[in-house]
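Keep the sequence at hand.

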Amino acid sequence: HPAFTSSTPVNVLPTAPWPSSDLHTVLEKHMQSDGTRAAHTGRTDITANDRQAILDLHNQLRAQVHPPASNMEYMVWDSELERMAEEWAETCMWEHGPASLLPHIGQNLGVHWGRYRPPTSHVQAWYDEVRDYSFPYPQECRPHCPFKCTGAQVCTHYTQLVWATSSRVGCAIHVCYDMKVGEQIWGKAVYLVCNYSPKGNWWGSAPYKPGASCSACPPSYGGVCKNSLCYRGAVPQPELHVTAFMTPLPACHSLQAWRGEHPVLTRRQLSENSLRNCPIITLPWTFTAQLVTCDTKLRDQCKGTPCNRYECPAGCVDSTAKVVGTVHYDMQSSICRVGLHSGVIDNGGGWLDITRQGRKDFFIKSQKHGVQSIGKFQSANAFTVSKLIVKVATCESAAAVLCPYQAPGRHCPRIYCPPNCLREHSWTSRVIGTRTYLDRSSVCGAAVHAGVIRNELGGYVDVMPTSSRNQYISSYQNGMLSESLQNPPGAMAFRVFAVI
């Protein structure tokens, strides 16, 4: 079970008087028309400015942790977490809750009375617990990381605030009358509740991975870093320029017949003039990695090459899903807990590759990395797990060089493509085919052509090797004209997929 959640001590700030105008504004919401105190009104006292200030301070503090974090994620506001925080704040109970939600969310509480104090003062106070906290370095985690907080002090507000994978926050403020705080009754208490998801404070784990900022961001962030935080920003839509052209334009998905009728047009003329009004195409099948839960068994997933790469959530050490085997695992095993047992991922979650190994006569039990597997003396289909490998490609890097095409099936690494490969597209970085590409093609060029990444941004790409095709079709997509080819000797093929 996760630690430091329902039993986390909550934070009380020193008092300070409110400006009378601000206090009047807040209390006005909680008065009946006859001037008497209202019961819990169901209305939140948090303003748009409060939301932004709380969110900005969270991200500022997360960016300045020491030692620096290599995987700290940018935090965004979550209206559903705010709604749940509002419902709990209205109970005016000075404890964590509701109990049904605590296994699924993280939570920090703060309360004060008297003088005005902005809600960010609580956030800062949570972070200031860092003075009593000792960060557990990797060499101390064997495999579980110690939790070291000086004396009787509280550090779990700090660790939740800077938990790397807690990327969403929602808070609420409520004025509570005659609220019991410890052994005291506070006449007018201002109560702050902040909920976090995914939850942090998992027992035996460090709040983040130390290292150079953004050097270990989850692949789903696409290599984008903002103010030392892994950032998933909105992708700007490039402006499309339509150039007048006297000859009727072909459909963007097929050029062969049209080019036969207009042999005088060069490839460059096609690319730069006639087809600029073709839309940017993003194909609906462009995801190959699977998002799974801690309990997902491999046999529950689809079969085939596209189902060999998985992203696991944090906290799977505490799942009860079974693991059968050691090194070779039964197909009824939890994918993510196998990843933990084998040491491929840690309790912070992450990506892994699986390889199906056919039938094995038996499976051996063992305890590794905090996970107990069971044995099985019965023949069954098996699989192994391995770490996801990431390689940085150039615009010219071909799949034939980057991917192993040997049997038994081996995984292509995840590829990071630089931006502006369209500008560098030339005969040294050819793209041959549509949807399925010849292995001599540029992986990054194919990714731009298929709409898997934006040319101006680049990003991560998954590659799936396939058998060769008899014919590769030319098409113009996303500013790039691919080539056609028939019956290439001794060649293989591949498809490209976006990273979630």
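Which residues form one aromatic cluster? They are Y127, Y133, F147 and Y158. Bear in mind that this is a predicted model.

The count of aromatic pairs comes to twelve. Take Y133 and Y158 as an example. Their rings form a tilted pair, 5.6 Å centre to centre, with 55° between the planes. Y133 belongs to strand β4 (residues 133–134) and Y158 to helix α5 (residues 156–161), so the pair ties together parts that are 25 residues apart in sequence. Y133 and Y158 are both buried. F135 and Y137 form another pair: the ring centres are 5.5 Å apart and the planes stand at 75°, so this one is edge-to-face. F135 has 10% relative accessibility and counts as buried, because the cut-off is under 20%. Y137 has a relative accessible area of 34%, so it is partly exposed.

Next come the cores. In soluble globular proteins, nonpolar side chains tend to be buried together. Here the largest nonpolar core has 31 residues. V65, M72, V162 and Y208 have the most contacts inside it. Two or more residues each come from α2, α4 (120–127), α5, β6 and β7. The most come from β6, which gives five. V65 shows how such a residue is packed. Leaving aside residues up to four places away in sequence, V65 touches M72, Y127, Y158, V162 and Y208. Among these contacts of V65, Y127 and Y158 are also members of the aromatic cluster. A second, separate core has 25 residues, including L402, C412, C421 and V496.

Now turn to helix α3, residues 79–89. D78 caps its N-terminal end. A side-chain oxygen of D78 lies 2.9 Å from the backbone nitrogen of E80. Which residues of α3 are buried? They are L81, E82, M84, A85, E86, W88 and A89. An α-helix has 3.6 residues a turn, so residues three or four places apart point the same way. In α3, L81, M84, A85 and W88 are among the buried residues. Their cover includes helix α2 (48–63). Strands β2 (76–77), β3 (106–113), β6 (168–181) and β7 (184–197) are also part of the cover over the buried residues of α3.

Move on to strand β22, residues 459–466. This strand is mostly covered, with seven of its eight residues buried. It pairs with strand β19 (residues 414–417) in the antiparallel sense, over three bridges. In that pairing, I415 stands opposite V461. Strand β22 also pairs with β27 (residues 493–498), again antiparallel, over six bridges. There V463 stands opposite V496. V496 is also one of the residues of the second core.

How is a charged residue placed in this strand? D462 is found in β22. With a relative accessible area of 1%, D462 is buried. What does the side chain of D462 contact? Another, of 2.8 Å, joins D462 to the side chain of R414.

R414 leads back to the aromatic rings. R414 lies over the face of W351, at 4.1 Å from the ring centre. A lysine is placed over a ring too: the charged end of K199 sits over the ring of W202, 5.5 Å from its centre.

Definitions and conventions:
Residues are numbered from 1 along each chain as its sequence is written. This is a predicted model: local features need pLDDT of at least 70, side-chain atom pairs count only at pLDDT 80 or more; totals for chains, interfaces and linings use all residues. Side-chain values use heavy atoms; hydrogens and water are left out. Buried means under 20% relative accessible area, exposed over 50%, partly exposed in between (1.4 Å probe, protein chains only). Helices (H or I, at least four residues) and strands (E, at least two) are DSSP runs, numbered from the N terminus. Contact means heavy atoms within 4.5 Å. A polar contact is a pair of N or O atoms within 3.5 Å; within protein, one must be able to donate a hydrogen and the other to accept it, and residues adjacent in sequence count only if both atoms are side-chain atoms. Rings of Phe, Tyr and Trp (its six-membered ring) pair if their centres lie within 6.5 Å; planes under 30 degrees apart count as stacked, over 60 as edge-to-face and the rest as tilted. A charge sits over a ring if NZ of Lys or CZ of Arg is within 6 Å of the ring centre and within 35 degrees of the ring normal. Two strands pair if DSSP finds at least two bridges between them. A nonpolar core is a set of buried Ala, Val, Leu, Ile, Met, Phe, Trp, Tyr and Cys residues joined through side-chain atoms within 4.5 Å.
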